Each structure stands twice: as structure tokens, then as C-alpha cells.
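Dear colleague,

I am passing on the structure we spoke about, and my notes on it follow below.

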Amino acid sequence: MELLIPLLAGMALIWLVGRHVPWNAKLIIVVTLAVIVVIVLLERNGFWPEAFRRQ
């Protein structure tokens, strides 16, 4: 649930912003959201490098 709500909010944001932008801008938004989700999943599952974590 902690990941589902922000993901749905991000998808709604993409839909709202993407209504009046060209397809390549939509693609950039989707790729950015996907990178953010991957980073969060890596960090939550303990695969994120220790050097990148805040102390």
C-alpha cells in the first residue's frame, strides 16, 4: 500500500500533464517515473549501494 498510492498518484499526474503535450514528452515523463520506482524498489529491498545512502 505504501508504494501503490504514490504510484497511482504519479500515473494520474502523467495523465493530467500528458493531455496537452506531444508523445515524446509523455515518454520522458513515463521513463522518469519508472526510474524513480526502480530506485525506490532497489533501496527498499536492500540492493542499493551503501555508499549512496545517507548517514
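This is a predicted model: local features need pLDDT of at least 70, side-chain atom pairs count only at pLDDT 80 or more; totals for chains, interfaces and linings use all residues.

Residues are numbered from 1 along each chain as its sequence is written, and side-chain values use heavy atoms, with hydrogens and water left out.

The chain has 2 helices and 0 strands (DSSP runs, H or I of at least four residues for helices and E of at least two for strands, numbered from the N terminus). Of its 55 residues, 7% count as buried, meaning under 20% relative accessible area.

The axes of helix H1 (residues 4-17) and helix H2 (residues 23-44) come within 10 Å and cross at roughly 170°, the axes being lines fitted to C-alpha atoms over the stretch in contact, with angles running from 0 to 180 degrees between N-to-C directions. H1 and H2 are therefore roughly antiparallel (angles over 145 degrees). Contact, meaning heavy atoms within 4.5 Å, is made by Leu-7, Gly-10, Met-11, Ile-14 and Val-17 of H1 with Ile-29, Val-30, Leu-33 and Val-37 of H2.

Leu-33, which lies in helix H2, touches Gly-10, Met-11 and Ile-14, residues up to four places away in sequence not being counted.

Best regards

Definitions and conventions. Angles under 35 degrees count as roughly parallel, over 145 as roughly antiparallel, 65 to 115 as roughly perpendicular and the rest as oblique. Buried means under 20% relative accessible area, exposed over 50%, partly exposed in between (1.4 Å probe, protein chains only).
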